[in-house]
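How do the strands and helices of this chain come together, and which residues lie at the centre of its nonpolar core? The paragraphs below take the sheet, the helices and the core in turn.

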Amino acid sequence: MTQKFPFNHFLKLDGLPETSVAKKNEAHPVIIEQAAKAMTPKESKALSEEFCADELKSITDALLENIKNLINPNKFHAYFANAFTVASIKHDHVEMMVTTSFIKKMVETQYLDTIKQALFEILGKDYGVEIQVLGASSGASLSSNSDNILNSLKGKKPDSVKNTTFFIEDLGPTKDDLFKAIDSQVIEHQTASNSNQIDLNKTFNNFIIGPSNNIAHALALAVAKEPGKTYPALYIYGNSGLGKTHLIHAIANYLQSNKPNLRICITSANRFMNEMVDSIKKNQSFDFKKQYTENTDILIIDDIHELKNKTTTQEMFFHIFNELISKGKQLVFTSDKTPKEIDGIEDRIRTRLSSALPVEIQQPDLETRIAILKKKAIEKDVYLSDDVVNLVAKCVKSNIRELEGCLIKLGAVTSILKVDIDLEVAKEHLKLNEELENQKHVTIESITKTVASYYKIPLGDIRGKAKTKEVALPRQVAMFLVSKMIKPTLKDNGHYFSGRDHSTVLHAIKTISDRIKTDGQLAQQVLDIEKQL
């Protein structure tokens, strides 16, 4: 026996005002009464002490109206209209009721951020959200209800459950949902968070060598073979996403395999600072210094330019640098600029960094980009024809991380659409056109780098935790432009900026959006940045 799933049996429309009945196909919740019946007396009492039914209904109405403007209409009617209500609000926690376990699963996996965003806009604060299935909290079974659909089917009862089939139409994720998930993967990949753990996937063997990076590769390999001897301090610099981090992890991996007795410390300037501050709070400064001077043979610090304006951290770094060099230990640093170009550091720190052997990694040329794409495609099991490889390599010139982001997207497109990637598919989904000269592939990273350059502050400061006035405005501008030009989710937008939550991103977007309407100077600044992109 086959029939459409009768949602209306779960919805109580009797007794509603005539205007409400006329809108039963619109976004109007009708399960508050059933939710109340499904609660235990204790739950019902707790509910009445917090918010009355009319208040909860008003909040639900406002919430649904807000959500309706944020998601696809078909998905809204499938998962929210007549199937979703606010059951209780206590302090910083909101409990929602839905009609089926399937809707619960879809809402939890796809729309929690949307719900939290809507709650913030309506009630003005962040709430935790819990989704419950109607009747589940009281332990009552829907099949025990005499009015239940299982007891109201017309005709002969089926011999067994397997003889009954219900179809729930169009409730699965759409292609639009899936492509948003793809964009999230690309943004997460481009975030490139630093770690004090050695990445085993970054080795000298899979580092693609070309004219732009061959010297840096050779020097890094020399350091790995003879740490502390040939080049006691190595300083690798260049723009983000060109392979600096790959090389320092390759050094660490080589040393682990060939000189396992050596003690390796790989960290970032920000992590170094945070650990030092924590040690000061715990009165363990001596132990912190000892960790780096007596328990480390190879010290590798990524993004050393982030020591800018951190006077106490620079003081500690100065002493650690001197002591390690005097002991014949190895130091390796990476940065997006030369020591002379780093503002906000003491002259003695600049001198120490300048004493290291400097080597620059430049943007890869066309041949190197093609080689990188082919190598990464094999690693990610994505088949690309030579025409597609050449298209991507010609259009995406800025850095290697963006090339990998293109591969991730094309691989996901193949999986979702079940099609081979040809030139037209690649152009459509990557928005590439080799006929356009000097084309820029706009990404969350390229936008943020452009903002950082415009305001003359380090990229790490915009992405970091600093809350000074000099950094706060550029960060808000970056979040605003990322939202405008790429349209990621609030969660993905905040994830790039050191994991900031959706409410922070929403506040930044609204702040800049409002200010450019009245602040002509800021409006011109935003316009100038957009032109550069």
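Predicted model: local features only at pLDDT ≥ 70, side-chain atom pairs only at ≥ 80, totals over all residues.

Three strands make up an open sheet of mixed pairing, in which the order is β2-β3-β4. Because β2 and β4 stand at the edges and have a single partner strand each, one side of each is left without a neighbour in the sheet. On average, and with direction ignored, neighbouring strands of this sheet are turned by 25 degrees against each other. The pairing between β3 and β4 is parallel and extends over six bridges, and V94 has V129 in β4 as its bridge partner.

Two helices can then be placed against these strands. While α6 lies across β3 and β4 and runs at about 160 degrees to β4, α7 lies across β2, β3 and β4, with an angle of about 120 degrees to β4.

From here the nonpolar core can be described. The largest such core holds 28 residues, and those with the most contacts inside it are F80, M96 and I115. At least two residues of this core are supplied by each of α4 (53–68), α5 (73–79), β2 (84–90), β3 (93–98), α6 (101–110), α7 (112–123) and β4 (128–133), the largest share, five residues, coming from α4. In soluble globular proteins, nonpolar side chains tend to be buried together. If neighbours within four places in sequence are left aside, F80 is in contact with L64, I67, I71, K75, V107, Y111 and I115.

Terms used:
Residues numbered from 1 in each chain as written. Heavy atoms only, no water. Core = buried A, V, L, I, M, F, W, Y, C linked by side-chain atoms within 4.5 Å. Buried < 20%, exposed > 50% of the residue type's maximum accessible area, 1.4 Å probe, protein only. Helix = DSSP H or I, 4+ residues; strand = E, 2+ residues; numbered from the N terminus. Contact = heavy atoms within 4.5 Å. Pairing = 2+ DSSP bridges. Axes fitted to C-alpha atoms, helices over the stretch in contact; angles between N-to-C directions.
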